[in-house]
Amino acid sequence: MSSSRQASRPLDVVIRNAVLATASDTTPCEIGIRDGIVAVLGTHLPRGRSEIDALGRIVTPGGVDGHCHIDQPMAPPVRLSDDFESGSRSAACGGTTTIIPFAAQRKGGSLREAVDDYHRRAAGRSCVDYGFHLIVSDPTPTVLRDELPEQIAQGLSSFKLYMTYDAVKLSDHQILKLLALARDHGATALVHAENTDCIAWMTENLASAGKIAPRYHALSRPLLVEREGTHRAIALSELVDVPILIVHVSGHEAVEQIRWARGKGLNIFAETCPQYLLLTAEDLGVDDSYTGARCVCSPPPRDRDSQEAIWHGLADGLFTIFSSDHSPFNLGGAHGKHPDGKEVPFPRIPNGVPGIETRLPLLYSEGVLGGRITLNKFVELTATNPAKLYGIHPRKGTIAVGSDADLVVWGTEPVLLGNHMLHHGADYTPYEGMGLKAWPVCTMLRGEVIWDGVTFTGRAGAGQFLRRGSSSMLGTRSAARPA
Ligand code: DUC
Ligand code: ZN
Ligand code: ZN
């Protein structure tokens with residue numbers, strides 16, 4: 001159809017009385033949507049087939065959660081409590097319209113089988129659009145020569161590398177090879193930066209002294225474990241001359257390492273998550289009770305000083321993205337925080353907390369309405385930068401003519417957070433009882449309302465797989481390197 005006939009077709013949806021917030025601007029505006037795409041932004045738009053009155057509320061781009069674990073295979077009896085349907089539904093009800101979970105290679109397995117399996121898990125189930133990162137745990141010559149370049153070309157343009165966890169950890173030598181591949185193929189490398197031998201030694205010492213309660217998880221991974229991993233990851237990135245993303249930064253010492261690297265002109269991206277703003281090591285327990293298992297995640301939550309350092313990093317541009325690291329396990333039953341129905345020593349407690357639905361409301365409430373970050377910084381961290389970093393901008397992550405009409409309308413009525421309100425498969429939230437100042441009253445995916453503030457109105461299978469290109473943030477060489 002010619003563009004003039006297209007323009008004369010009525011708009012499918014017009015949103016009036018909106019205050020549109022992007023990463024750069026906040027503007028009163030009307031939004032016209034046609035065929036799931038933002039067709040026009042302006043004032044005095046003609047009537048659409050359907051009309052939404054935003055009542056002067058803020059409208060932001062749908063959130064992009066660049067780090068979440070959904071239906072990722074685990075060693076029995078442990079199992080994540082979200083599949084693609086429940087995890088993506090939960091995302092939608094919290095204002096997230098794009099998710100990027102992980103297709104994880106088994107040691108001894110191929111990338112192809114991991115990706116095929118993950119497509120089967122997502123197909124027909126996801127309620128929001130989705131891409132996959134890879135987890136590379138076994139970089140064999142075939143993986144390096146054929147499989148990984150092939151997957152990058154198929155739109156899995158990012159992969160995670162682990163410095164710890166026996167099932168997935170890599171040596172520095174393996175990491176170097178993978179970083180060189182990321183550089184040569186325009187992929188984004190995510191690094192889980194913790195020193196595995198320090199953790200093993202601390203864990204042995206604690207366990208042999210009978211210190212096995214959940215709270216010792218935090219003691220087994222002190223700040224320096226993350227600081228050393230972060231410093232090493234930065235050095236490896238510098239050697240190869242490729243940007244990396246340090247994921248789930250938790251401690252002020254790791255923050256200092258990233259500041260130091262940035263000061264040298266190195267292209268180091270950084271991610272943090274709600275648990276490092278709102279939880280502390282005390283949430284893992286102040287005595288030997290098992291209730292703290294609910295907040296066991298890695299890296300562990302820290303203390304008030306680290307929380308402050310993370311808040312500053314969000315406000316001043318140190319952090320590139322804000323993700324959930326949603327990794328939901330049930331408290332009840334035999335597959336989650338009580339494997340086989342038992343209380344287990346801390347090294348066997350499944351790591352992770354749920355948070356895909358609470359990510360945006362927590363940051364909007366505590367950050368924007370708490371006066372710690374601007375509304376535009378909120379959009380940048382939660383939607384625009386993850387879309388740019390992972391090669392789906394400007395289709396995702398912004399509100400502009402030609403972008404997918406993925407939108408969130410924000411309500412600012414007080415909300416008392418409870419797990420009964422949430423739509424994930426987990427039987428708890430670490431933020432139970434917290435008073436929030438905001439929650440989405442409407443989430444739209446490509447022009448369709450999928451959450452109306454009360455009811456999930458989306459559909460399993462409506463989510464589309466996103467073949468992602470290279471990051472638009474990778475272009476600049478590190479200033480510290482010779483041209
Ligand atoms: N740590 C991770 O590295 N991934 C999932 C959850 C967690 O706590
Ligand atoms: Zn990790
Ligand atoms: Zn994770």
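**Exercise 1. In which loop is H248 found? Describe its backbone and its surroundings.**

Step 1. H248 is found in the loop between β13 (244–246) and α9 (252–263). The model is a predicted one.

Step 2. Check the backbone. H248 has a positive phi of about 30°, yet it is not a glycine. Most residues other than glycine have a negative phi.

Step 3. Check burial. The cut-off for buried is under 20% relative accessible area. H248 has 2%, so it is buried.

Step 4. Look for a ligand. H248 is among the residues around ligand 1. An N or O atom in its side chain is 3.5 Å from an oxygen atom of ligand 1.

**Exercise 2. Treat D340 likewise: is it buried or partly exposed?**

Step 1. D340 lies in the loop between β15 and α12.

Step 2. Its phi is positive, about 55°, although D340 is not a glycine.

Step 3. Relative accessibility is 47%, so D340 counts as partly exposed.

**Exercise 3. Work out which protein atoms hold the zinc ion (ligand 3).**

Step 1. Write the spacing. In sequence it reads H-x1-H-x255-D.

Step 2. H67 lies in the loop between β6 (63–65) and α2 (84–93), and D325 in the loop between β15 (321–322) and α12 (359–368), so the pair ties together parts that are 258 residues apart in sequence.

Step 3. Check burial. Both H67 and D325 are buried.

Step 4. Find the other zinc ion. The zinc ion (ligand 2) is 3.9 Å from the zinc ion (ligand 3).

**Exercise 4. Describe the site of ligand 1.**

Step 1. Name the surroundings. They include H69, K160, Y165, H192, C297 and D325.

Step 2. A nitrogen atom of ligand 1 is 3.3 Å from an N or O atom in the side chain of Y165. A backbone N or O atom of S298 is 2.8 Å from an oxygen atom of the ligand.

Step 3. Judge the cover. Ligand 1 has 240 Å² of accessible area on its own, and the protein covers 94% of it.

Step 4. Locate the site. Ligand 1 sits in the largest pocket.

Definitions and conventions. Residues numbered from 1 in each chain as written. Chains lettered and ligands numbered in written order. Predicted model: local features only at pLDDT ≥ 70, side-chain atom pairs only at ≥ 80, totals over all residues. Heavy atoms only, no water. Donors = N, O, S within 2.8 Å, 3.2 Å for Na, K, Ca; no water. Helix = DSSP H or I, 4+ residues; strand = E, 2+ residues; numbered from the N terminus. Buried < 20%, exposed > 50% of the residue type's maximum accessible area, 1.4 Å probe, protein only. Near = heavy atom within 4 Å. Polar contact = N/O pair within 3.5 Å; in protein donor to acceptor, adjacent residues only side chain to side chain. Areas by Shrake-Rupley, 256 points an atom, 1.4 Å probe, with all protein chains shown as cover. 1 Å grid on protein atoms, 1.4 Å probe; cavity = no way out; pocket = protein on both sides within 12 Å on 5 of 7 lines; lining within 4 Å. Sits in = over half its atoms within 2 Å of the grid points.
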